[in-house]
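Open your viewer and have the selection tool ready.

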Amino acid sequence: MSELYFTNARLIDPEAGTNALGWLRVADGQIAATGAGDAPRAPAGTTVIDCGGKCLAPGIVDLGVKVCEPGERHKESYRSAGRAAAAGGVTTIVTRPDTAPTIDSPETLEFVTRRAQADAPVNVVPMAALTKGRQGREMTEIGFLMDAGAVAFSDCDHVVADAKVLSRALSYARALGALVIGHPQEPGLSKGAAATSGKFASLRGLPAVSPMAERMGLDRDIALLEMTGARYHADQITTARALPALERAKANGLDITAGVGIHHLTLNEFDVADYRTFFKLKPPLRAEDDRQAVIEAVRTGLIDVICSMHTPQDEESKRLPFEEAASGAVGLETLLPAAMRLYHAGALDLPTLFRAMSLNPAKRLGLASGRLSAGAPADLVLFDPDAPFVLDRFTLLSKSKNTPFDGGRMQGRVLATYVGGAPVYRRD
Amino acid sequence: MTFAHRHLLGIEQLSPQDITTILDLAETYVDLNRQSAKHCDVLSGLTQINMFFENSTRTQASFELAGKRLGADVMNMAMQASSIKKGETLIDTAMTLNAMHPDLLVVRHPHSGAVDLLAQKVNCAVLNAGDGRHEHPTQALLDALTIRRAKGRLHRLSIAICGDIAHSRVARSNLLLLGKMENRIRLIGPPTLMPSGIGEFGVEVYDDMRKGLRDVDVVMMLRLQKERMDGGFIPSEREYYHRYGLDAEKLALAKPDAIVMHPGPMNRGVEIDGTLADDINRSVIQEQVEMGVAVRMAAMELLTRPLTTGAAV
């Protein structure tokens, strides 16, 4: 493979926490060297890419993407999700097992892996369910699934309600060193909820859940971690009340990390307005105070990971009264532009954003990517953080178009995406 | 007299002037309805379809009568029994009816926001006859008209709304309307039946009914749904009646001329004492029903005025 030479690039290095002009050389699909300032003369036979002062960052590792294979390929396939990811600067998608049927056996996982390899232009690493059918009763074949390539185990938004089942699954997972991803939510309290409780939900007459349900779910999971010593990641922490518990658990040396979806960082409960179902998420959008607290937690590193929580839904499942409508939003292509809202608002700088979007998820999953250092895979995104555009949801490459940012004024566009040094997307 | 609304989806969108406009027009229909010839033809030639996705006898009858007295062609559709059972979506149902060119759709639905959704998809005026726990605007308007006629004004009154506030669209619409007209509102009920965030509504909240009723001008009772009576939200029917049922003793704490209201249908002996409900000196419950027809006639006339007069909205 020929060598690539990125010059005149603003290198966003989340490991070093730096953002400075420099160059980056790629050889054999890996980052060979980087440096500050003007690039040394390119050796013969290398392709020089003048980045024109635009940003070059490690490609996004999106932890928790739903691709609807098997079962609902009309909502999202590996081909469409992969193309959407490439267009969004996402070089690795970490897929969720909440498909129909659930990805809970090595056979299903192999099918998925085969489909992903055949169709997706980006890296796909799969997660598998923690319990069979995500029913919360019997644990899956965690060992076999790991052998087949599962990087983490999660029942997604189906909380394992039975503490005994979860404690056994965590103990077993610990012995194998498997990462378990939980959805911190007290299932009884949050049952049937379509909004976060408060004045807005009351005025709209929507069934609502107290933000306390998230803390209760997290508290329980933390107690079980103390008991079992498992490796654990909370998929989405979205409320201020849950943060002290997370902080204590980390201080106590538990092997715990936490994530948050981009929508909870950029939108709040009022965005639902007159029952706009594209804003119906799980957990529901929160109060502005919570949003601010969670942004601060990302800044300090208490929350480790920002993900898109990409959840494709077709038009029919959203064109319903709010309570009946499906939850979730697509996010692969809008993750980076939405994250740029936080950058332009002065809330988070670029190295911090890429620490949460690329470096930390890669580290947590034991992947070599997410870095700009020599030896890391050349998974890269070149983007212009300032380019303005108005998002038209029908231009998205995902099969499903359920984005809350439709018609939104965005700033920040992906110019090109590279996976293992090969271009997988280029904006014309 | 202007009324610049295409639909009547809730009280939230109405200004105090809009509310006064509707109530003033409704007064003329109160007079009409008391004559033996109750017919006028302002809606003549127009088609009104009542779509009730949730059981209702009283509200549907009131809307039907209102439409017929105004000369509209009224059709009732019991939606539970029809296509919903066959898997048709709300929007498909709406589009089907829309193709029949109605001029006015009166819709009740068990889910909050469903009527808003439907209104976005059809070409005619939509009148919300109750959506989930969200709004029931004509109920609040008829309550307002009843209060205005009994008290001579609709501002600077102290009004207690009692019972299951959390699940009540009647309570929400009344809260909004009475707040817009600058009244003092007290909400009385057990904390399990109070909506979240109630502290931010600018109302006084009481869990002790005796304290809450002190010196109020209006006592508005709400219906307690049967399915909420056992254990989940309140311990039992009899304990609820003891603590939150309106009887003569508790009413004595209110102003001597305080009126008693209830949106119906009543659970006698659960939220209200039967004798009190029938006391013509205190209870205006029958008058509420009467005002209901008049207010709905007024609302329908205002919504269809652009069609009947050719005037731009």
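Here are the stops, in order.

This is a predicted model: local features need pLDDT of at least 70, side-chain atom pairs count only at pLDDT 80 or more, and totals for chains, interfaces and linings use all residues. Residues are numbered from 1 along each chain as its sequence is written, chains are lettered from A and ligands numbered from 1 in written order, and side-chain values use heavy atoms, leaving out hydrogens and water.

**Stop 1: the annotated site**

Zoom on B:Arg58. It sits in helix H2 (residues 58–69) of chain B; helices are DSSP runs (H or I) of at least four residues and strands (E) of at least two, numbered from the N terminus. B:Arg58 is partly exposed, because its relative accessibility is 41% (buried is under 20%, exposed over 50%, partly exposed in between; 1.4 Å probe, protein chains only).

Next, B:His136. Find it in the loop between strand E4 (125–131) and helix H5 (137–151) of chain B. B:His136 counts as buried, because its relative accessibility is 3%. Beyond four places in sequence, its contacts (heavy atoms within 4.5 Å) include B:Thr59, B:Arg108 and B:Arg296.

**Stop 2: where the chains meet**

Show both chains. 22 residues of chain B are in contact with 17 residues of chain A. Select B:Glu12 and A:Arg204. They form a salt bridge, with the closest N and O atoms 3.1 Å apart (a side-chain nitrogen of Lys or Arg within 4 Å of a carboxyl oxygen of Asp or Glu). The count between chain B and chain A is 1 salt bridge.

Now colour helices H3 (90–98), H4 (114–119) and H6 (169–180) of chain B. Each supplies at least two residues of the side touching chain A. H4(B) gives the most, with 3 residues.

**Stop 3: A:Asp119**

Which helix holds A:Asp119? Helix H2 (residues 106–119) of chain A. A:Asp119 is in contact with A:Tyr78 and A:Arg79, leaving aside neighbours within four places in sequence.
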